[in-house]
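Could you walk me through this structure in my viewer? I have it open and would like to know what to select next and what is there.

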Amino acid sequence: MSSDVVMFYTYALVAVAGALGLVLASRLIHAVMSLFATLFAIAALYLLLGSEFLAAMQLFVYGGAITVLVLFVLILTRPAPEGADRTRKGTMWTAGGVCALFFGVLAITLGRADFRVAAGQSHDAASLASILFSRYVLPFEIAGLVLTIALIGAIVLAREDDVLDTPSDLPEGARVPGTMTLGEAAAAAATYVKEEAAEGLAPDAAPSPGSVPAEAGGAE
Amino acid sequence: MELAAYSWVLPLLPLAAFAVVLATGRKLPRQVAPALGITTVGLVFLASLYLASFTASGQEFQASTEWLKFGAVTIDFGILVDPLTATMLVVVAFVSLLVQVYSLGYMAEDDRFRWYYGAISLFTAAMLGVVLSNGWLLMYMCWEVMGLASYLLIGFWYADDKAPPAAMKAFLVTRFGDVGFGLALVIMFLTVGSFTFETVFHSVETHAWAGPTLIACALLLFMGAMGKSAQFPLHVWLPDAMAGPTPGSALIHAATMVAAGVYLVARSFPLFEASPVTLTVVGTVGTITAVMGALIALAMNDIKKVLAYSTISQLGLMFLALGTGSWVAAMFHLMTHAFFKALLFLGAGSVIHATHTQDLHEMGGLWRKMPWTTATWVLGALSLAGIPPLAGFWSKDEILLSALRSGQTAFLVAGLFTAALTAFYMGRATLLAFFVAPGPQSKSAHAHESPWVMTAPLVVLAGLAVTVGLVGSPLMGYAFAGFLGEHEAAEPSLILAGVAVGIATAAIALAWSSYLKGFFEPDGYFRSPVVTKLLSRKFWMDEIYHHGVIRPVIWVSEGLRRTDNAVVDGVVRAVGWVGLRISAVLAVFDRKGVDGAVDSLGNSVTEAGEVRRIHTGNVQTYLMCFVVAVVLLVVVFAR
Amino acid sequence: MITLNHYLILAAMLFCIGLFGVLTSKSALRVVICVELVLNAVNINLAAFSVYVAPREAVGVNFVIFLMVVAAAEVGLALALLITLNRTSDISAIDRITRMKG
């Protein structure tokens with residue numbers, strides 16, 4: 001048995017065990033730690049595949065940034081009450097059955113599949129870069145843009161002085177969707193009219209005079 | 001290069017007008033939108049006149065280009081200009097042009113004037129696409145866009161509480177028919193492997209394609225036609241569609257779009273001709289619709305609803321003609337009907353504009369106030385009633401003649417009966433609106449004649465309603481039939497024409513003697529409670545849909561919900577969700593018109609709300625449904 | 001000898017575990033990290049295919065890098081959403097968020 005095989009099974013075992021821990025651990029902090037183990041094992045698998053650069057990236061991005069981010073969120077948010085993270089038994093069994101079935105089908109199919117494997121020297125970071133900065137330079141730039149936008153979006157979303165006055169989620173049944181009282185509708189319409197007017201925008205599909213209640217139309 | 005080769009530009013002109021309206025919105029100067037619409041459709045009209053003369057000289061034009069290629073299968077799309085196309089082009093462009101001119105007056109006050117012209121332009125573009133396409137696939141696509149434009153125009157006054165449900169109902173009922181159209185396309189593609197008329201007709205003629213699949217395909221195509229042309233039992237949307245602006249109704253729900261079903265069958269006629277079964281089905285559905293529509297029209301007090309049921313009935317007559325094998329007679333009636341029914345609708349619009357009511361009993365005595373509207377309306381009504389030498393007489397005579405020749409007595413009797421009813425209800429509507437002395441609740445005191453932009457189209461259409469029938473009459477040697485390529489002239493039957501005219505005259509006289517002279521009790525047939533119930537409830541069609549379709553679906557989904565809560569949580573929800581969707585779709589079938597029964601609407605909405613609980617809003621439940629479906633697909637397709 | 005199929009089956013296993021977590025976790029945070037696991041499984045597939053099928057061209061590996069970018073952006077936004085949700089309402093369990101009702 002070569003060292004390759006031993007290493008693969010070791011890493012795979014760690015990855016799967018970590019994944020199972022992530023899913024099954026009852027405390028979130030344990031789940032995040034299991035995730036870290038899985039991500040680490042996957043980085044090792046990249047090394048085994050001969051892609052040092054990917055392994056490094058996996059450690060930086062996943063093992064470093066994302067895990068730390070998740071930990072921060074875990075600290076910042078209120079802890080869920082004990083045992084709240086258990087869904088109903090029926091859903092558990094259905095999901096388990098479906099996922100097991102899916103894995104079964106995939107495993108059988110992949111076990112039988114015969115890929116046209118090509119021999120050859122593995123690529124190194126230089127060959128990766130030569131493609132990334134030539135053929136994929138536009139996607140590379142766009143990816144940078146995506147990250148920037150996501151960053152701005154995250155800041156806007158998580159900002160403390162929230163301008164969006166999100167109403168708290170009412171308990172089930174307190175409000176049937178689509179049943180606004182007349183007063184609510186008028187208030188909503190008035191807000192809409194004011195905001196639109198404040199922005200100097202006249203939406204094309206503005207309601208005809210008859211469709212807006214008198215008090216809303218007169219609010220401006 | 002032949003000028004006809006550029007006819008693919010025609011649908012793009014109104015489409016461009018629509019795009020401009022869509023893109024600019026309120027920034028567009030108010031008068032530019034109608035200018036764009038009228039200019040483009042005017043150009044199309046001129047071009048279609050040229051194309052008519054082009055095809056009259058015996059030429060045809062067809063061009064197609066490759067669109068999609070899947071392995072060995074290629075799908076083409078292209079255009080075909082032949083006499084049938086040219087006829088439809090002229091009718092569509094002309095009626096659209098007149099309606100747009102008329103709307104300058106009718107819609108002048110409306111806030112969404114520009115959007116109205118945008119929607120009309122979109123409709124015109126789609127309809128031109130339908131008639132120009134050289135295959136069913138492109139036709140189907142334009143057909144759907146046409147449905148969208150119809151939806152937009154029915155729901156134009158969305159703040160009104162009747163318009164949005166009516167628009168939804170029209171959209172869903174016609175879409176139900178279009179499912180058939182879509183399946184027909186699938187069958188066609190699987191058997192012939194092509195969508196173009198030429199290829200498919202060729203394989204039908206050579207009997208390469210025959211048997212049950214052909215019959216099924218033709219019947220499914222007919223299902224699409226039934227939805228669009230409001231044939232029984234899919235007619236329920238058209239009366240409600242009258243919630244839209246009247247000129248829009250005149251164009252879409254009277255003259256052109258609803259006739260697209262007739263065009264579809266006429267265009268696909270070789271498929272229908274191949275088996276007598278399909279023709280019988282077409283004829284029977286048309287006959288039932290013709291008689292039923294005419295009967296209901298007797299009981300309507302809303303001037304637009306009278307016309308709507310009249311349209312349903314006349315479309316039924318066209319399908320009757322198709323069922324007897326005479327597509328030329330059907331197309332002839334389609335053309336004359338487009339002109340006189342557009343005239344009647346625009347006339348009704350003029351009356352509504354003046355009196356602000358649609359109730360016949362709130363009118364009366366309008367002939368003094370609105371001479372032009374009255375004169376043109378009377379011509380249109382007489383034409384519809386089939387009084388010679390007006391257009392409707394010639395085309396209706398053609399239909400009756402084809403029924404006589406086919407030897408199917410039931411069709412002939414039903415046709416004559418419809419003609420009598422038609423003459424009577426048009427007499428009733430005309431007399432009540434224009435000639436009866438105004439009653440106490442009449443609103444015609446302050447009525448005034450409409451501006452010239454509205455009366456001018458009426459006069460033009462009245463001129464056509466009088467004369468256009470001649471082109472298909474024996475007097476001009478059946479020029480229209482010859483133009484469409486049917487050269488064997490039928491022996492005109494003077495007896496049949498005499499009988500038809502006699503019946504129509506008698507019916508008009510009956511209407512005159514009861515509504516104007518009072519020899520008989522006006523609306524006397526309402527004394528029998530059975531008749532009243534039957535007619536004013538429109539043969540309980542809405543109730544049948546409610547109890548036969550909507551309720552069971554709600555019960556089924558309710559049962560599913562219980563099972564779901566008791567047994568497996570989650571997976572069954574997918575099924576319930578589908579049930580909910582179906583019931584939501586069908587709940588709209590249920591919407592009623594003006595005639596009360598608002599409570600049944602309320603009930604169904606409440607019940608639909610009950611089922612709605614299955615729609616949990618829980619993302620994970622949705623995701624579960626999605627994953628189950630994907631896994632099933634993988635299991636099925638994994639090898 | 002470790003073949004491509006080994007890597008693919010491992011990735012499939014991780015994918016299915018992640019999917020199970022997404023479907024059954026009530027905590028929104030756990031759902032987010034389970035999505036990360038799913039994305040990692042995909043990354044393994046891409047890297048393995050790249051190395052075994054086209055070793056000379058590092059195309060698949062490039063895709064892994066792009067996927068990492070997308071995953072980082074996704075996780076950042078998701079966590080910001082979580083913080084907002086946690087602050088403005090009392091919800092920590094994802095199945096209580098049912099405002100997406102039709």
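Select chain A and look at its contacts (heavy atoms within 4.5 Å): of those between residues at least 6 apart in sequence, 56% join residues at least 24 apart. This is a predicted model, where local features need pLDDT of at least 70 and side-chain atom pairs count only at pLDDT 80 or more, while totals for chains, interfaces and linings use all residues. Residues are numbered from 1 along each chain as its sequence is written, chains are lettered from A in the order in which they are written, and side-chain values use heavy atoms, with hydrogens and water left out.

Now switch to a cartoon view. Chain A shows 8 helices and 0 strands, taken as DSSP runs (H or I, at least four residues, for helices; E, at least two, for strands).

Next, colour chain A by burial. Of its 220 residues, 30% are buried, meaning under 20% relative accessible area with a 1.4 Å probe, protein chains only.

Then bring in chain C. Here 93 residues of chain A are in contact with 77 residues of chain C. About 7,400 Å² is buried between the two chains, and carbon and sulfur atoms give 73% of that area; buried area is the accessible area (1.4 Å probe) lost on putting two parts together, summed over both.

Terms used. Buried < 20%, exposed > 50% of the residue type's maximum accessible area, 1.4 Å probe, protein only.
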